[in-house]
Amino acid sequence: MTKVAICPGSFDPVTYGHLDIIQRGAKIFDEVIVAVFNNQSKQPLFSVEERVHLLESSTSQIHNVSVDSCNGLLMDYAQSKNAQAVLRGLRAVSDFEYEMQITSMNRKLNEDIETFFMMTNNQYSFLSSSMVKEVARYQANVSDLVPPIVEDALQKKFSSS
């Protein structure tokens, strides 16, 4: 049986921290589907289509990773993809409390799908998409935080505003 994991997130934009989790997850699972969700509590910089494109470009060298988008509940999406697991990255203890609440609700919705937490590489433990956007807004160098295609996309977004 193929072991499928969903790696959900808003990815606005994808960072090297996200890619660290995706790459390491791809070594554990037969297939990793990176699912771009539109977080209603956030004002995204990039459209869902742009985020999917940036992720596809950033993960194209990983043969068992695909990128998709979803508007509904994660557990419904995971079930529709025959996934056995959800893969989530943790940066710090503060992430754990929030993630534990989400995981508890997800287990209530579908107890057959397990959640796996992976600690982000220490060099990315401070990194968030929000922080990247804030720094990029002021034309600071983000080349060590995001892939080149994302850096270019950020520069274009902020040069036009």
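Helices (H or I, at least four residues) and strands (E, at least two) are taken here as DSSP runs, numbered from the N terminus. The model is predicted: local features need pLDDT of at least 70, side-chain atom pairs count only at pLDDT 80 or more, and totals for chains, interfaces and linings use all residues. Residues are numbered from 1 along each chain as its sequence is written, and side-chain values use heavy atoms, with hydrogens and water left out.

**Backbone exceptions**

Most residues other than glycine have a negative phi, and most peptide bonds are trans. Glutamine 139 lies in the loop between α5 and α6 and has a positive phi of about 60° although it is not a glycine. Its relative accessible area of 59% makes glutamine 139 exposed; the classes are buried under 20%, exposed over 50% and partly exposed in between, with a 1.4 Å probe and protein chains only.

The loop between β1 and α1 contains phenylalanine 11, another non-glycine residue with a positive phi, here about 50°. Phenylalanine 11 is buried, at a relative accessible area of 4%.

Helix α2 covers residues 48-59, and its 12 residues reach 16 Å from the first C-alpha to the last, close to the 16 Å expected at 1.5 Å a residue. The expected span is 1.5 Å times one less than the number of residues. Val48, Arg51, Val52, Leu54, Leu55, Ser58 and Thr59 are the buried residues of α2. Seen down the axis of α2, they fall within an arc of 165°, so they line one face of the helix. The arc is that of the directions from the helix axis to the C-beta atoms. The cover over these buried residues includes α1 (16-28), β2 (31-37), β3 (65-70) and α6 (148-159), where contact means heavy atoms within 4.5 Å.

Helix α6 has 12 residues that should span 16 Å at 1.5 Å a residue, and its end C-alpha atoms are 16 Å apart, which agrees. Its buried residues are Val150, Glu151, Ala153, Leu154 and Phe158. They cover an arc of only 165° around the axis, which puts them on the same side of α6. These buried residues pack against α2 and α5. The face of α6 turned away from the buried side carries the exposed residues Pro148, Lys156 and Ser159.

**Aromatic pairs**

A pair of aromatic rings is described by the distance of the centres and the angle of the planes. The structure holds four aromatic pairs. Rings of Phe, Tyr and Trp (its six-membered ring) pair if their centres lie within 6.5 Å; planes under 30 degrees apart count as stacked, over 60 as edge-to-face and the rest as tilted. Two of the pairs are tabulated.

| Pair | Distance of centres | Angle of planes | Class |
|---|---|---|---|
| Phenylalanine 29 and phenylalanine 116 | 5.6 Å | 75° | edge-to-face |
| Phenylalanine 96 and phenylalanine 117 | 6.1 Å | 65° | edge-to-face |

Phenylalanine 29 is buried at 10% relative accessible area, whereas phenylalanine 116 is partly exposed at 41%.

Phenylalanine 96, in helix α4 (residues 93-109), and phenylalanine 117, in strand β5, are 21 residues apart, and this pair also links distant parts of the chain. Phenylalanine 96 is partly exposed, at 38% relative accessibility, and phenylalanine 117 is partly exposed, at 33%.

**Largest pocket**

The largest pocket holds about 1200 Å³ of space. On a 1 Å grid over the protein atoms alone, a pocket is an open set of points where a 1.4 Å probe fits, with protein on both sides within 12 Å along at least five of seven lines; lining residues have an atom within 4 Å of a point. Grid points are joined across faces, edges and corners, and the volume is the space filled by probe spheres set on the points.

The largest pocket is lined by 45 residues, of which Gly9, Ser10, Arg88, Tyr98 and Glu99 are the closest to its centre. At least two lining residues come from each of β1 (4-9), α1, α3 (74-80), β4 (85-90), α4 and α5 (129-137). Helix α4 gives the most, with nine residues.
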